[in-house]
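Morning, everyone. I have one structure to go through today, and I will take it from the overall fold down to single residues.

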Amino acid sequence: MANEKRAVFIIFGGSGDLAHRKLYPALYNLYKTGDLKEHFAVIGTARRPWSDDYYRSTVVESLKDIDDDEKMMEEFAKHFFYQSHDVTDSDHYIALKQLAAKLDDQFDTGSNRVYYMAIAPRFFGTVAEHINSEGLKTNGFNRLVIEKPFGRSFDSACELNSSLTKTFSEEEIYRMDHYLGKFMVQQFTNIRLNNPQLEKALNNQYVSNVQVTLSESLGVEDRGGYYETAGVLRDMIQNHIMQIIGAVAMDKPAKLDSDSIHEVKRDVFDSLKVLQPDEVDRDFVRGQYDEDATGKLKAYRDEDNVDPKSNIETFAAGKIMLENSRWDNVPFYVRSGKRMPVKSSRIDIVFNDKIKELGLNPNTTVIFLIEPENGSSILVNGIDYKEANQDFISFPEDPHFFDNEREAYENLMIDILDGNKIHFTLWNELQNAWKYVDVIRNQWDNETPDFPNYMSKTMGPDAAAELLERDGNSWVWDD
Ligand code: NAP
């Protein structure tokens, strides 16, 4: 039985893509499960002059792909209200405050507030400051949710953070990284801790190397403008890949609560071996996609809103090292790219031959498939864990375990409402990730790459394979 939550959500950018594609469907699914019932309301804000009715019709439209229960969708939409609002106009916050207070009473929400920034990052500071100056915060909980990008560098992330922390404490800020909402990423810690053998094996005695791959088969589609300012280093490696490394490499936490988990994660981020500028070309490889073999798919430089001479990378692979006693000398190979053969997110843990001491065959690989498999799974040397060595790795016996898999945004919305920060990025983690990535970005910005250098629908430039071959290793997943 779901535990009903209470809150008024104020969604800045309520008419936008993120709100309609991710937030409304996630809230609806929580409504269907009873996590949200009577005691919630949503205020969508944006500049365009929509009526409540029109806004509700767009909310219902955004649910059409996930459900056909019109009655339930209409009931759900009655909790939605629209406030035309320019985030730079102080007067508009007064109207917003009055509406939110009215809805607190009407829906008996306990004055809990979730302020969701589904808006361009340049407005985050302005909104946070107005929430403070116009007195929107209440006696209930006040949680601010922001989406990536959290800055473009260490310095800009510091600037952004200080503009937010004038109004919201670190405890009240929820930095959303939707990879941390994915079922298999969330389960990784539980699986580790419920498997003493696996936990015993996760260190430099038994692990040869760890590989994290987040590949996408699509190109930039209609997001060329955004991508030109980001590239895969900022878009995927600085956040999602770093957070996955944190989950794999962290020590066993004292408890399974947010403070304990972030404490051990913090140690991982503190131990990142930041490269010297002259080491970047040795340990990192970048690429940009060309057409595919048939010429049907465009090269990156021919995409809409992309500079025809762009040097932005759509692929990167690298070797990340941690300086701590648990992981010294174990490479964490990472890669992410667009226009690779298929979409796949996976963690491959390659053990050395000492692993036989713990009952596994030498050179075994344990593979955690994060997506797109529905009901993600664990493979040991390519064989489903159930048929593989169950002494080494076991998983809940419940055959319906994966049936309860929720979508990432649903998991994270529940966490926000519960005040559970386990799966959100903390400021100290973010700072270290930026310090690591800034060196690579600066080095790359000072050199002209030979782009394009990989054909669409391939595994990236040859140099990505050579990076591992130099160490006597190879990518486990190779199309
Ligand atoms: P979008 O579709 O362009 O939506 C932007 C929203 O902001 C619109 O509702 C727009 O409505 C509103 N807006 C713009 N200027 C405003 C102003 N001065 N005052 C009030 N409202 C204003 O963008 P999006 O794709 O949803 O992205 C929103 C944020 O989420 C960005 O930070 C993006 O980086 C992040 N994000 C998005 C995705 C995604 O899947 N879309 C994924 C990860 C992160 P009006 O024009 O009517 O004002």
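**From two prolines to two helix pairs**

I start with a loop: Pro-452 sits between α13 and β16, the latter covering residues 454-455. The peptide bond joining Phe-451 to Pro-452 is cis, with omega at about -5 degrees. Please keep in mind that this is a predicted model.

Pro-149 is in the loop that runs from β5, residues 142-147, to α6.

Now the overall picture. The chain has 14 helices and 16 strands. Its C-alpha trace spans about 65 × 55 × 45 Å along the principal axes. The radius of gyration is 23 Å, and a compact globule of 479 residues would have a value near 23 Å, so the two agree.

The domain assignment gives domain 1 as 7-147 and domain 2 as 180-405 plus 426-469. The C-alpha centres of domain 1 and domain 2 are 34 Å apart.

Next, helix packing. Two packed helices are described by the angle between their axes and the distance between those axes.

Take α6, residues 154-165, and α13, residues 427-445: their axes are 9 Å apart and the angle is about 155 degrees. Angles over 145 degrees count as roughly antiparallel, and that makes α6 roughly antiparallel to α13. On the α6 side the contact uses Phe-154, Ala-157, Cys-158 and Asn-161, and on the α13 side Trp-427, Gln-431, Trp-434, Lys-435 and Asp-438. By class, this contact of α6 with α13 has five nonpolar, two polar and two charged residues.

The other pair is α1, residues 17-33, with α12, residues 408-418. How close do the axes of α1 and α12 come, and at what angle do they cross? They come within 9 Å and cross at roughly 65 degrees. That makes α1 roughly perpendicular to α12. The crossing of α1 and α12 is right-handed. From α1, the contact takes in Leu-18, Lys-22, Leu-23, Ala-26, Leu-27, Asn-29 and Leu-30; α12 supplies Tyr-409, Glu-410, Met-413 and Ile-414. The contact of α1 with α12 divides into eight nonpolar, one polar and two charged residues.

Asn-305 is not a glycine, yet its phi is positive, at about 60 degrees. Asn-305 is found in the loop between β9, residues 289-290, and β10, residues 315-320.

That is my list; questions are welcome.

Note on methods
Residues are numbered from 1 along each chain as its sequence is written. This is a predicted model: local features need pLDDT of at least 70, side-chain atom pairs count only at pLDDT 80 or more; totals for chains, interfaces and linings use all residues. Side-chain values use heavy atoms; hydrogens and water are left out. Domain bounds come from an automatic or database domain assignment. Axes are lines fitted to C-alpha atoms, for helices over the stretch in contact, and angles run from 0 to 180 degrees between N-to-C directions. Helices (H or I, at least four residues) and strands (E, at least two) are DSSP runs, numbered from the N terminus. Angles under 35 degrees count as roughly parallel, over 145 as roughly antiparallel, 65 to 115 as roughly perpendicular and the rest as oblique. A crossing is left-handed if the near helix is turned anticlockwise from the far one by less than a right angle, and right-handed if clockwise. Contact means heavy atoms within 4.5 Å. Ala, Val, Leu, Ile, Met, Phe, Trp, Tyr, Cys and Pro count as nonpolar, Asp, Glu, Lys and Arg as charged, and the others, Gly among them, as polar. The radius of gyration is taken over C-alpha atoms; the globule rule is 2.2 Å times the number of residues to the power 0.38.
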